[in-house]
Amino acid sequence: MAAPKNPALTRLQALAPTASPKEGSSSSLGLPATPSTSLPLPTPLSTPSTSAGFSSRFPTAVPSKNPIALRLYKVLGANYRDVSTREALETLSSFYAPPEPPSSPTSPATRTTPAAVTVNGKQPPHEEDEEEEGDGEEAWGAEYVKARRKDALSDQARVEIDGEAALRARKNLRRDVEIKLADSSRKFLTAFAEVDQKLDVLQEHITDMQTRCEEAQGKLQATHEGCRQLLDRAEGLRTQRQATAVRQSIISLFLSRFALTETETQAITSRDVPVGRVLFDVMDRIATIRNDCRVLLSGEDGETKAGLDVMSLTSSLLDQGYHKLARWCSFEFRQMGKDANLEVDDVMREAVRRLRQRAELLNDSLRILSEVRQNAVLNSFLDALTRGGPGGLPRPIELHAHDPTRYVGDMLAWVHQVMAGEHEFLDGLFDVKDDDRIIGSIRRQRSGEAEEYVRQLLDTDLEKLCMPLKVRVLQTVKSQEGSITSYKIANLLQFYLLTVARTIGDDAILSQTLKQITDAAYRVFFDTIDAQGRSLLRFLHPPDADLLPPLALRDALQVLREIMAVYESSLLGDEDPAERESAFSQILEASVDPAMEMCQRMSEMRREMSSWDRAVFLINCTTYMQNMLQAFSFTGSHVSLLHKEVDRHVKTLVTEHYAAFLNESGLKPLVEAMNTKPVDTPLSRLPSSSSQAVSAALTQFDTFLSNLDVSSSSRLGLLSVPRLATSIHGDAIKRIGVAYGRVCEVIRKPENKYEFAGTLLGSRRPFGDMRVLWQVLGVDEVDI
């Protein structure tokens, strides 16, 4: 086996000279060596100092026949930065490195520079300190000189040793390299001999192992042949095991989906598990199982036994769950007595919602709830009447029995408050929400199963409250004699009747009871009104001299005014105007008709009373009633009837007032003659309408115009409404002006044969000119 080549030794062989140089040039061409184990590397030629120094000492043209110059160029041109060159030099340095001298105080490794020499443990001073020290110079000067001499001798010995090493390297480099290579090859051979010996031992072991493996293989083959049947049996069992595992996984998945765990079953059947979210989740899971199980029952193979068993088991468990909810709800409902907090939690609301799927169980529980709430509401009502609230506040309602309106109002307000509380409780129990409703506004009737349950339960809860309420209200109503108080109570009952009917419906027991009480209250009220009307007609007397409405009429109308104010305050504002009038028309008829009849009878009691005074009296009474009714918006129809009655009497006054003006103005004979003359007889031929009679009438008319007050008349001073007096006086004046114009027109006609008709009319004011007459009378011609 060939020894491996050393790249460092190869490089050294390449650098070694083929011929030994002369001894005179050996010192200049040798490799310098240091006392250390390796030779220092020369500085490369690329450094600035070397290249600059070389180029300054030697010319660029070197003679080719000078071996020393060629050698120098070769050495100086070598690249000492190459890795292989550096390794070669390091190897060469290891071959010829001088031995280490024994270390001594003066050796290069341990000697000190003159600056480090100490004398008696003190460092010698620097040169610039020599003058300052003075006397201490002699103490260390001798030691310093000795140290410098020893360093010079050591440097000279090192130069001699480096020259000898370089000489040996030039002479024996090839031999030493070959010896080194041979020594290395022997070491390789020795090592590989040991390896070869170990490999032989390993081969013996491998052969022995192979023999034993072949024996084991034979035994295994024999055992396999003998156990084939057992293996087949094991394979079959393995296959069965896999099939069983698959079936087990399928069964596990089936049971996990279609069966309940022990904890879930306990939540349904055990009394120790309370009703809550756990029970609801289990019931939801049972419902999901039943829905999934219907898929099994509707498969292609028909109904399966597993599906039927699951349906039967889940049905039983679901029934147990519903019965558990019903028992729990019944227990909780029994606790909702008088002092119970009527707030419904989520568990109770969810339990009732689920029980709605089993109406018979829910009805049994709700029956218990209604009985408990009936007794609680009745006891609370009796306590509110007799004992009052906690600590005596609010005070007992029966303390205000002397005030009928407050007494009845407090009872109805308490009933309405309890009804609202019960309604809110039942809405929360059945989860009925009305997000659009504002608190305090009227409830809207909604249709639905939950709303029907709420109405029925609310009606049942307030059932026992109706009898004591009815007895007390009817006793209070029947004991009233005044119509105002009776109407206030009746109107109050009507308001609560409408409120309750809109909340629980018209068919509820409380609504029916309030309707009966309201009808009874209105009967009492109308009986009182009828009694007042009869009392007005029973005590009659002739009108007073001032012809004003009598005191009885004013008192009756004042009572009617208060009743109308009560009715107006009870209106909600959303009623139709016609509905408002129709609701109050019966009261107006019962109050106004007796008053009108009384006035008519009073005007007829004085025989010597003229029709003029009778009309003035009736106008005063009618306008008094009309002004009383006009203040309210729901009396429009009766105000119209009274206005027609006033117009009828006003026409009577206008006619009589005009007749009086005709008589005073002297135009009455002329007007009568014009109305009664024969057709073929001229008017001037009649005695009452002759020229002399016409002249006398016009003179009297002139005097009438001079004395006439066109704005008022003393005859109309007894009218209580100045506006009517002015209207009647103005109408009579217009009619007298029209009569004068008719007289002038008739006189001017030729067929009446008046001589000098123009002279006859122009002798007195208004000179036959109607424009002058209207100016005198203060009448605008447009209004005629």
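What follows is a set of questions and answers on this predicted model.

Biologist: Which residues have the most contacts inside the largest nonpolar core?

Modeller: In soluble globular proteins, nonpolar side chains tend to be buried together. Here the largest nonpolar core has 128 residues. Those with the most contacts inside this core are Phe333, Leu429, Phe430 and Leu510.

Biologist: Is Asp769 buried, partly exposed or exposed?

Modeller: Asp769 sits in the loop between helix H26 (757-761) and helix H27 (770-777). Buried means under 20% relative accessible area, and exposed means over 50%. Asp769 has 27% relative accessibility, so it counts as partly exposed.

Biologist: Why do the buried residues of H23 line one face of the helix?

Modeller: The buried residues in helix H23 (residues 668-676) are Leu670, Val671, Ala673 and Met674. An α-helix has 3.6 residues a turn, so residues three or four places apart point the same way. Seen down the axis of H23, its buried residues line one face because they fall within an arc of 160°.

Biologist: Which helices do the buried residues of H23 pack against?

Modeller: Among the buried residues of H23 are Leu670 and Met674. The buried residues of H23 pack against helix H22 (636-665), helix H24 (691-707) and helix H25 (722-748).

Biologist: How many charged residues are in the lining of the largest cavity?

Modeller: The largest cavity holds about 100 Å³ of space. Its lining includes Ile529, Leu560 and Ser591. The residues of this lining divide into 9 nonpolar and 3 polar, and the charged ones number none.

Conventions: Residues are numbered from 1 along each chain as its sequence is written. This is a predicted model: local features need pLDDT of at least 70, side-chain atom pairs count only at pLDDT 80 or more; totals for chains, interfaces and linings use all residues. Side-chain values use heavy atoms; hydrogens and water are left out. Helices (H or I, at least four residues) and strands (E, at least two) are DSSP runs, numbered from the N terminus. Buried means under 20% relative accessible area, exposed over 50%, partly exposed in between (1.4 Å probe, protein chains only). A nonpolar core is a set of buried Ala, Val, Leu, Ile, Met, Phe, Trp, Tyr and Cys residues joined through side-chain atoms within 4.5 Å. The arc is that of the directions from the helix axis to the C-beta atoms. Contact means heavy atoms within 4.5 Å. On a 1 Å grid over the protein atoms alone, a cavity is a set of points where a 1.4 Å probe fits but cannot get out, and a pocket is an open set with protein on both sides within 12 Å along at least five of seven lines; lining residues have an atom within 4 Å of a point. Grid points are joined across faces, edges and corners, and a volume is the space filled by probe spheres set on the points. Ala, Val, Leu, Ile, Met, Phe, Trp, Tyr, Cys and Pro count as nonpolar, Asp, Glu, Lys and Arg as charged, and the others, Gly among them, as polar.
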